[in-house]
Amino acid sequence: MIRYHAAGLVVIQGQRNMTDYLRERFEDVDLTPGQGKISATIAVGLGLLSLLGGFCFLFPNLLTTPEFRAFYSADVLRMVLFAGIAVAFCAGFISVWRHQDPRYGLAGMIMACMAALLGSGRIDVPPMDGRSLYAGLDYFILTLLVLALVFIPMERIYPKDPQQRVLRRGWITDMKYFLFSHVGLQLISFFTVIPIQVFLHDKVDIGFQQAIASQPLWLQFIEILIVVDLGSYWIHRAFHEVPWLWKFHAVHHSTQHMDWLASSRLHVVEIVANRFVGYLPIFILGFSPSAVYAYLVFISFHAIFIHANVRFRFPLLRWVIATPEFHHWHHSSEDEAVDKNYAAFLPLYDKLFGTLHMPDKLAARYGTRASTQVPEGVVQQFTFPFRRSS
Ligand SMILES: [Zn+2]
């Protein structure tokens with residue numbers, strides 16, 4: 001059936017758009033060994049990452065993160081890039097041979113070759129202009145690589161839901177969120193870190209900040225955890241209990257499959273609100289940068305871990321810190337679990353404020369309840385909170 005739009009565009013009804021095509025073809029993929037599909041996934045995934053990595057070597061000023069570059073050596077990364085290229089190329093070769101459609105393997109091999117050409121170019125990073133615009137592509141590639149290497153095997157070896165696939169339904173949407181939150185790091189900081197620094201820099205007590213920053217690092221680390229967790233408990237609770245805020249946070253809860261990648265499904269308004277609330281006490285109290293970095297690395301990794309599809313239950317620890325069991329209950333759509341377990345790290349706050357839920361079983365179903373129907377896809381989810389509810 002053909003429909004005529006006001007603008008004169010002709011839309012053929014029933015014709016699926018690109019996103020639907022990708023979703024149908026590459027989500028919920030059966031990766032049982034022996035079909036060449038695992039090698040095809042590795043070839044295309046790693047080939048693409050290597051290609052992006054090659055571009056980072058070519059345009060470091062534009063594509064890499066100044067703060068992040070201080071933590072790695074370009075020479076080591078070039079070796080990592082060539083290892084990635086070699087693995088992508090070999091996986092591509094195996095896939096061409098095993099998979100019924102040789103195009104995936106070929107695409108992986110071609111991307112690996114192009115990455116080798118880009119990556120063998122110059123790498124000297126010219127001095128940066130502190131205020132220039134950049135994309136955190138290096139941050140995206142490296143975190144994705146490390147997280148995939150840690151979590152995919154972990155979720156295969158100790159799965160909570162053994163039926164759930166690596167390329168499960170919704171992974172493409174979540175990968176887009178992951179891409180945005182890493183590549184757009186500068187943009188997100190612009191709305192969180194910079195306003196706080198600009199408006200509060202002359203209002204803080206320097207003497208008090210020096211006393212805080214001169215404490216041992218481990219003590220500052222624990223203090224940051226306790227302080228930031230209190231703020232994030234209440235902002236999280238507000239996102240659940242204030243109806244217009246809930247629509248932003250419902251996007252995060254729309255996933256019906258818990259795994260490491262599901263943690264990145266967050267509306268940008270929520271990302272900014274969370275970062276703001278987290279950074280505010282850190283800035284006012286003046287913790288030392290090393291303690292803050294250690295905290296950020298730890299809490300980011302922990303946030304991903306508690307979403308992972310793993311069955312660990314941690315006998316004593318489950319009452320002290322947030323575990324996958326604790327946070328999976330937060331994501332459960334079962335009646336008993338709704339609006340429970342808000343804490344990011346310390347369940348103590350849920351105990352204190354009466355929202356703890358830790359029964360003797362594991363959560364079974366995830367997602368929002370029928371009263372909140374979140375659409376699929378990044379763009380639809382972005383506009384969802386701004387739409388009038390029908
Ligand atoms: Zn929540």
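Are Glu325 and Arg318 buried or exposed?

Both residues are buried (under 20% relative accessible area; exposed is over 50%, partly exposed in between, with a 1.4 Å probe and protein chains only). This is a predicted model, where local features need pLDDT of at least 70, side-chain atom pairs count only at pLDDT 80 or more, and totals for chains, interfaces and linings use all residues. Residues are numbered from 1 along each chain as its sequence is written, and side-chain values use heavy atoms, with hydrogens and water left out.

**Exercise 1.** State how Glu325 and Arg318 pair.

Solution. They form a salt bridge (a side-chain nitrogen of Lys or Arg within 4 Å of a carboxyl oxygen of Asp or Glu). Their closest N and O atoms are 3.0 Å apart. Shared partners also join Arg168, Asp174, Asp259 and Arg265 into one salt-bridge network.

**Exercise 2.** Explain what the salt bridge of Glu376 and Arg169 ties together.

Solution. Step one: the N to O distance is 3.0 Å. Step two: Glu376 sits in the loop between α16 (348-353) and α17 (378-383), and Arg169 in the loop between α7 (137-157) and α8, so the pair links parts 207 residues apart in sequence. Helices are DSSP runs (H or I, at least four residues), numbered from the N terminus. Step three: Glu376 is partly exposed at 39%, and Arg169 is partly exposed at 41%.

Terms used: Helix = DSSP H or I, 4+ residues; strand = E, 2+ residues; numbered from the N terminus.
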